[in-house]
Structures are given as structure tokens and as C-alpha cells.
Amino acid sequence: MMKSLIENQFIKKINKSGENNMVKIAPSILSADFSKLGEDVKRVDKAGADYIHIDVMDGQFVPNITFGPALISSIRPVTDLVFDVHLMMVEPERFIEEFAEAGSDIITVHAESTKHLHRVIQQIKASGVKAGVVINPGTPVEMIKPVLSMVDLVLVMTVNPGFGGQKFITECLDKVTELAELRKEKQYIYEIEVDGGVDDETAKECVAAGADVLVAGSYVYKYDDVSTPINKLKEAKK
Ligand SMILES: O=C(CO)[C@@H](O)[C@H](O)COP(=O)(O)O
Ligand SMILES: [Fe+2]
């Protein structure tokens with residue numbers, strides 16, 4: 001997608017106090033119907049989604065296997081929405097350029113997945129896309145402090161990665177609050193995204209803690225009319 005369009009949708013909504021005016025919704029296509037994936041992407045686009053969240057799993061970092069760059073290329077023509085690509089793979093540095101070329105707008109890598117987190121983030125930025133860092137429920141914010149000044153997005157997992165439809169882990173919200181406070185104190189520019197077990201109820205807790213972007217898979221795609229859950233999630237900030 002056009003770089004200027006990404007900038008518009010991305011950083012501009014962060015105002016001077018470091019808080020977004022509205023919460024963004026990132027439906028996860030992990031819970032879409034893969035036999036009609038393009039249609040399922042279009043449905044959430046039409047319903048007001050902000051990002052398309054794409055879960056890449058390698059069967060090693062997590063006990064599940066999903067998509068690669070070819071799938072991302074194939075759905076790229078279907079929408080102009082930001083592709084938020086969540087890499088759950090060991091040594092993501094091996095594939096950054098492929099995922100960037102396939103049409104990713106944001107690539108997020110797990111702090112636990114590489115020995116060279118700082119270098120991978122540099123690599124993502126050099127490939128011309130936004131860079132994000134992800135932490136598992138068992139990983140403290142302390143571990144990513146050295147890269148917080150470099151990233152455009154921090155993703156806080158609110159379930160253990162690998163599967164959709166799991167129960168929200170409330171304790172992870174303390175990290176969202178900590179990241180929001182750090183952003184304010186140090187004038188960082190990252191968005192804070194949460195992923196896992198998000199529905200209309202847990203969304204309110206996430207927003208209250210300071211989340212700017214809500215990923216939701218099973219909650220969105222269980223509805224025939226996906227504008228219902230997307231609107232309910234947006235109301236979490238009203
Ligand atoms: O990264 C992941 C899972 O590892 C997620 O993005 C899931 O797709 C979220 O699914 P729900 O918990 O919303 O059903
Ligand atoms: Fe995800």
C-alpha cells in the first residue's frame with residue numbers, strides 16, 4: 001500500500017498527550033473461513049476495520065502452522081487496509097524481506113524469537129515497513145525497553161500465542177499500562193496493541209489500560225454480520 005496512506009492511518013491519530021482519539025480494530029484472519037479468505041477480508045474492510053491482522057506461525061516458535069508470504073501477496077489486491085503481520089517464528093530475520101515484499105505494512109517480531117532483536121527491528125525498517133515488537137504473557141516489558149525508542153508498535157499478547165479462541169489473561173494488562181506510562185514519560189511514538197481473547201467485555205479493560213489497537217479473531221468472525229462486533233469493539237473507547 002502507498003506509504004503516505006500508511007502514515008495517515010498509523011501515527012497521526014496519536015495526539016500530543018500520547019493517546020489515540022479512538023481505538024483501532026484489527027480483525028485476525030486466523031478465524032476467517034480460508035476457503036473464501038478474500039471475501040472475509042473484504043467483509044471486515046467494509047465493516048470499518050482499521051488493520052488486517054495476519055498471524056504467521058511456523059510450527060516451532062508456536063505449536064501451529066499457518067501462512068507464508070505467498071498468502072499475503074494473494075490477498076494484497078483485495079484491500080487497502082494496513083496489513084499487520086504478526087510473525088510467530090524462530091529467527092524471523094531469515095524472512096523479513098520476503099514478508100515486506102509480499103505487501104506487509106507492519107511487521108511485528110517476538111522478543112523471545114531472536115537473539116538479535118535490535119538488529120531485526122533495524123532490518124524491518126530498512127525493508128521499508130513499520131516495525132513492531134511482541135511480548136508473550138510470560139515476558140516482562142523490561143526485556144524490550146532497549147528497543148522501545150525504535151518501534152512503531154508494541155504488541156502485548158493477552159494469550160499464549162498459537163491459537164485463536166483462547167481465554168484472555170487479565171494480568172497482561174499491567175504491561176499495557178506500563179507501556180502507556182513509558183510512552184508518555186519518554187515521548188515514544190509506538191502504538192500499543194493487544195492480541196488474544198479480546199471481545200466486547202475484555203476490550204473495555206484493554207482500552208482502560210491504554211491499548212490503541214485491538215486484535216480480535218474468533219469474536220469478529222463468529223458473527224455473520226461482522227459490523228456488529230467491530231462496532232461493539234469500537235464502543236470500548238466511548
Ligand atoms: O496471534 C494470535 C494467536 O497466537 C491471535 O492473533 C489470534 O488470532 C487471536 O484470536 P482470538 O483470541 O481473538 O480468537
Ligand atoms: Fe496475532
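This is a predicted model: local features need pLDDT of at least 70, side-chain atom pairs count only at pLDDT 80 or more; totals for chains, interfaces and linings use all residues.
Asp-55 lies in strand S2, and I noted it as buried because it has 24 C-beta neighbours inside 10 Å, where 20 or more are required.

I then looked up what the record says: the unreviewed UniProt entry annotates Asp-55 and Asp-195 as "active site". The two are spread over 141 residues of sequence, yet they cluster in space, with a largest C-alpha distance of 10.5 Å. Asp-195 sits in strand S7, residues 191-195, and with 27 C-beta neighbours inside 10 Å it also counts as buried. Leaving out residues up to four places away in sequence, I found Asp-195 touching His-86, Leu-155, Met-157, Thr-158 and Val-215.

Next I turned to the annotation "binding site" in the unreviewed UniProt entry, which covers His-53, Asp-55, His-86 and Asp-195. These residues are spread over 143 residues of sequence but cluster in space, the largest C-alpha distance being 10.5 Å. His-86 belongs to strand S3, residues 82-88, and counts as buried, with 26 C-beta neighbours inside 10 Å.

For His-53 I recorded a place in strand S2, residues 51-57, and a count of 29 C-beta neighbours inside 10 Å, so this residue is buried. Its contacts outside four places in sequence include Ala-26, Pro-27, Asp-84, His-86 and Val-215.

I moved on to ligand 1, which has 22 residues around it, and among these Ser-28, Pro-161, Gly-164, Gly-217 and Ser-218 come nearest. Strand S2, strand S8 (213-216) and helix H8 (218-221) each supply at least two residues of this shell.

Beyond four places in sequence Asn-160 is in contact with Asn-136 and Pro-137, whereas the C-alpha atom of Phe-34, 126 residues apart from it along the chain, is separated from that of Asn-160 by 23 Å.

For the largest nonpolar core I noted 72 residues, of which Ile-107, Cys-206, Ala-211 and Leu-214 touch the most other members. Cys-206 is in contact with Leu-173, Val-176, Val-194, Val-198, Ala-211 and Leu-214, residues up to four places away in sequence being left out.

Last, I examined helix H5, residues 117-126, where the buried residues are Leu-117, Val-120, Ile-121 and Ile-124. Seen down the axis of H5, these residues fall within an arc of 100°, so they line one face of the helix. An α-helix has 3.6 residues a turn, so residues three or four places apart point the same way. The face turned away from the buried side of H5 carries the exposed residues His-118, Arg-119 and Ala-126. I looked for what covers the buried residues of H5 and found helix H4 (96-101), strand S4 (106-110) and strand S5 (130-135) included. Just after H5, I noted that Gly-128 takes a positive phi of about 90°.

Notes: Residues are numbered from 1 along each chain as its sequence is written. Chains are lettered from A and ligands numbered from 1 in the order in which they are written. UniProt positions are given in the numbering used here, feature names are shortened, and annotations may be inferred rather than shown by experiment. Helices (H or I, at least four residues) and strands (E, at least two) are DSSP runs, numbered from the N terminus. A residue is buried if 20 or more other C-beta atoms lie within 10 Å of its own, exposed if 12 or fewer, and partly exposed in between; C-beta atoms are placed from the backbone. Two residues are in contact if their C-beta atoms, placed from the backbone, lie within 7 Å. A nonpolar core is a set of buried Ala, Val, Leu, Ile, Met, Phe, Trp, Tyr and Cys residues joined through C-beta atoms within 7 Å. A residue is near a molecule or strand if its C-beta atom, placed from the backbone, lies within 6 Å of it. The arc is that of the directions from the helix axis to the C-beta atoms.
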